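The sequence and structure are shown below.

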Amino acid sequence: MPVPEGLRGPDEPPHPGLWGPLRTPPIGCGGLSLALELPALVRQLRAAWRARRGGPRGPGGSHTGTWGESDKEEVEEVRRDVEDRIAHVEAGGRLTSGHADTSPVERRGSYPLIDVRILKSKTSGQQGEVESGRRQMRRQLSFQRYCHASRLLRGLVPRAPPSLHLLDDDYLGQAAYMLSKVDTWNFDIFLFDRLTNGNSLVTLMCHLFNVSGLVHHFQLDMVKLHRFLGMVQEDYHSQNPYHNAVHAADVTQAMYCYLQEPKLSEQLSPLDVFLGLMAAAAHDVDHPGVNQPFLIKTRHHLASLYQNTSVLESHHWRSTVGMLRESGLLSHLPADTSQNIEQQLGSLILATDISRQNEFLSTFREHLESRDLDLQLASHRHFILQIALKCADVCNPCRFWELSKQWSERVCEEFYRQGDLERKFDMEISPLCNQQADSVPAIQIGFISYIVAPLFEEWHRFTEPSPLSHTMMGHLHRNQARWSRLLRADTQTQPRATEPRPGGEGEDIR
């Protein structure tokens with residue numbers, strides 16, 4: 001499967017394979033290619049940093065230049081920021097071939113966190129401040145990468161976070177009981193996350209890989225599997241109300257339920273199950289908590305890297321591939337097999353782009369109307385996996401009310417946070433992100449009407465007869481009616497513009 005157009009970086013030549021013969025994701029640093037050897041990169045960054053500090057040292061070991069007060073303040077500011085956020089590597093790249101776990105203040109994420117100081121300079125409209133912000137961004141990225149690389153070379157690899165305890169501890173008591181019911185639709189992922197001490201994604205995936213026979217079939221090393229899943233879970237941002245590791249675990253549990261549908265389970269191969277669960281677990285990894293239009297209008301480097309096309313989904317995919325290679329989970333498989341897995345994971349994750357909803361939905365309808373879906377064909381099974389992952393990603397309105405309402409409030413809170421940030425810096429507020437104009441009931445009614453209901457109606461046609469599908473459609477209709485009642489009550493008590501907004505093609509609402 002060739003790499004889709006628009007997914008290569010701006011400096012990447014076209015390759016017939018995923019990323020060519022280097023077998024490492026192409027990444028960049030301040031516009032410079034990191035295809036160099038790591039020691040050479042470190043030497044260059046060290047030299048650049050020394051030059052920025054006042055030039056090379058003279059024969060006597062003293063600086064030939066002197067610092068101004070402003071330079072000292074800038075360097076001190078960068079130093080403080082580096083202590084908080086080290087090791088940001090662009091586009092899912094990794095500077096280390098071994099496992100490097102992260103602590104809460106030290107992430108391996110591929111994007112710089114949204115820095116309000118830089119954002120303010122980028123949106124102030126004054127050219128001098130814009131240039132200053134760009135210089136500060138380059139200085140931060142370069143110094144962060146230099147510090148992280150030099151620490152790795154000295155063997156100072158950060159320790160594993162204490163919250164990731166051993167598997168045996170996760171399988172005790174109520175958590176173990178819940179795992180025995182993991183194929184039921186009333187699975188409460190929030191309760192499960194509390195019972196596993198915040199390790200719902202790792203625990204769930206290890207269990208599903210075991211009960212599905214994937215560990216045995218692919219001869220997976222359990223240590224490497226746990227390492228990889230720990231990296232994925234840690235690269236979700238817990239500060240995001242919605243796009244966090246609990247959401248990933250919820251989507252994974254829904255995906256597992258869909259894979260158990262009689263029409264699918266009899267046809268799927270072990271590779272199909274492996275791809276479906278892996279894509280579900282990693283489909284939103286390293287999500288920044290803002291949508292693609294926000295990244296584009298703030299000129300975020302990821303938007304430039306992926307040419308404003310499926311920016312977040314492309315980043316999730318390439319981050320996943322970087323962690324697969326860093327953990328060595330598939331290192332025992334033939335190179336062409338592991339590359340095929342990486343490409344198919346990309347195809348599945350990219351399918352979650354909400355702007356491609358109409359494209360997938362129309363194709364799905366055509367197949368159902370012509371009745372030409374043949375699950376004996378690998379390409380048709382892959383398409384159904386794409387549809388299943390899309391369903392799992394937006395299945396919250398199909399859960400029972402208490403769970404669905406909690407997810408709805410979380411996603412709206414994330415929208416509102418983005419809107420508050422846009423308002424703070426005099427940017428145009430994105431659709432659905434204005435807390436004063438967009439109520440939770442209005443957002444949910446629009447989301448259900450234009451996104452969820454059309455998709456699940458076709459899924460219901462495909463899986464019929466299916467008790468699970470009947471259950472989901474029942475929850476969906478009841479939840480939609482309940483949101484409508486809440487909207488009417490909200491409008492009567494506090495009139496405001498709360499008309500449901502369509503979430504059609506091009507509208508990035510998730």
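## A buried aspartate

Contact here means heavy atoms within 4.5 Å. On that basis, with neighbours within four places in sequence left aside, Asp-353 is in contact with Ser-310, Glu-313 and Lys-390. The model is predicted. Asp-353 sits in the loop that joins α17 (335-350) to α18 (357-370).

Asp-353 is buried but takes part in no salt bridge. The nearest side chain of opposite charge belongs to Arg-356, at 5.7 Å. The side chain of Asp-353 does make a polar contact with the side chain of Ser-310, at 2.6 Å.

## Helix α11

Helix α11 comprises 15 residues (residues 245-259). At 1.5 Å a residue the helix should span 21 Å, and its end C-alpha atoms are 21 Å apart, so the two values agree. The helix is mostly covered, with 15 of its 15 residues buried.

At the start of α11, Asn-244 places a side-chain oxygen within 3.1 Å of the backbone nitrogen of Val-246.

Side chains of opposite charge can pair when their charged atoms come close. The count of salt bridges in the model is 10. One of the salt bridges joins Asp-250 and Arg-399, whose closest N and O atoms are 3.2 Å apart. Asp-250 belongs to helix α11, while Arg-399 lies in the loop between α19 (378-393) and α20 (401-424), so the pair ties together parts that are 149 residues apart in sequence. Both Asp-250 and Arg-399 are buried.

## Pairs within α20

Arg-417 and Glu-413 form a salt bridge, with an N to O distance of 3.2 Å. The two residues are 4 apart in helix α20, which means a separation of about one helical turn. Arg-417 is partly exposed, at 43% relative accessible area, and Glu-413 is also partly exposed, at 33%.

Asp-420 and Arg-423 form another salt bridge, the closest N and O atoms being 3.0 Å apart. These residues are 3 apart in helix α20, again about one helical turn. Asp-420 is partly exposed, at 38% relative accessibility, as is Arg-423, at 33%.

## A three-residue network

Salt bridges also link Arg-365, Glu-458 and Arg-461 in a network.

Terms used
Residues are numbered from 1 along each chain as its sequence is written. This is a predicted model: local features need pLDDT of at least 70, side-chain atom pairs count only at pLDDT 80 or more; totals for chains, interfaces and linings use all residues. Side-chain values use heavy atoms; hydrogens and water are left out. Buried means under 20% relative accessible area, exposed over 50%, partly exposed in between (1.4 Å probe, protein chains only). Lys and Arg count as positive and Asp and Glu as negative; His and the chain ends are not counted. A salt bridge is a side-chain nitrogen of Lys or Arg within 4 Å of a carboxyl oxygen of Asp or Glu. A polar contact is a pair of N or O atoms within 3.5 Å; within protein, one must be able to donate a hydrogen and the other to accept it, and residues adjacent in sequence count only if both atoms are side-chain atoms. The expected span of a helix is 1.5 Å times one less than its number of residues.
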